[in-house]
Amino acid sequence: MRRSVSIAVLTVTLVIGIGTITIGQNSLLASAQQKPETTEVKIDNFSFGPETLTIPVGTTVTWTNRDDIPHTVVSTDGVFKSKVLDTDEKFSFTFSKAGTFPYFCSIHPKMTGKVVVQ
Ligand SMILES: [Cu+2]
């Protein structure tokens, strides 16, 4: 009798334990989904795509040069500035303030884009 009680206690403890682990994993998953997102802007054929990008505050934007000539990503207001990006090179910037951030390519100033942070 004593033995079956302790087995019952053990079983309950195990079930609670597994339940807690499962809940723990779920909340881990939820926090991973709430993490600031990374958004990509492609540079190709002398243009930024998308040309206007709207993101929430805290998002990291990564520009990737998919063109076969070098480009740069330079904020019009001096907020960020990449080095010269060769083919497949990347530049990232995290937008921690709301606002509109126009930018251009300093090698080809007609190439423009903007990031709208909300
Ligand atoms: Cu360029």
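The largest nonpolar core here has 18 residues. A nonpolar core is a set of buried Ala, Val, Leu, Ile, Met, Phe, Trp, Tyr and Cys residues joined through side-chain atoms within 4.5 Å. "Buried" is a matter of relative accessible area: under 20% is buried, over 50% is exposed, and in between is partly exposed (1.4 Å probe, protein chains only). The residues with the most contacts inside this core are Phe48, Trp63, Val73, Phe80, Phe95, Tyr103 and Val115. At least two core residues come from each of strand 1 (38-44), strand 3 (52-55), strand 4 (60-65), strand 7 (99-104) and strand 8.

Before we go on, a word about the model: it is predicted, so to speak of a local feature takes a pLDDT of at least 70, and side-chain atom pairs count only at pLDDT 80 or more, while totals for chains, interfaces and linings use all residues. Residues are numbered from 1 along each chain as its sequence is written, and side-chain values use heavy atoms, with hydrogens and water left out.

Now step back and look at the whole chain. It has one helix and eight strands, and along the sequence they run α-β-β-β-β-β-β-β-β. Helices (H or I, at least four residues) and strands (E, at least two) are DSSP runs, numbered from the N terminus. Of the 118 residues in the protein chain, 27% are buried. Take the contacts (heavy atoms within 4.5 Å) with a separation of 6 or more: 49% of them are between residues 24 or more positions apart.

Val115 shows what that looks like up close. This residue sits in strand 8 (residues 112-117), and it counts as buried because its relative accessible area is 0%. Val115 and Thr54 are 61 residues apart in sequence, yet their C-alpha atoms are 5.9 Å apart in space. Setting aside residues up to four places away in sequence, Val115 touches several others, including Leu53, Ile55, Trp63 and Phe95.

Phe48 is another one to click on. Leaving aside neighbours within four places in sequence, its contacts include Val41, Trp63, Val73, Tyr103 and also Cys105.

What about the rings? Rings of Phe, Tyr and Trp (its six-membered ring) pair if their centres lie within 6.5 Å; planes under 30 degrees apart count as stacked, over 60 as edge-to-face and the rest as tilted. By that rule there are 11 aromatic pairs. One of them is Phe93 with Phe95, an edge-to-face pair at 4.9 Å centre to centre with 80° between the planes.

Finally, the metal. Which residues hold the protein donors of the copper ion? They are His71 (ND1), Cys105 (SG) and His108 (ND1), lying 1.9 to 2.2 Å from the ion. Donors are N, O and S atoms within 2.8 Å of the metal (3.2 Å for Na, K and Ca), and water is not among the atoms, so sites may look incomplete. Along the chain, the copper donors follow the spacing H-x33-C-x2-H. Cys105 counts as buried because its relative accessibility is 0%, while His108, at 21%, counts as partly exposed.
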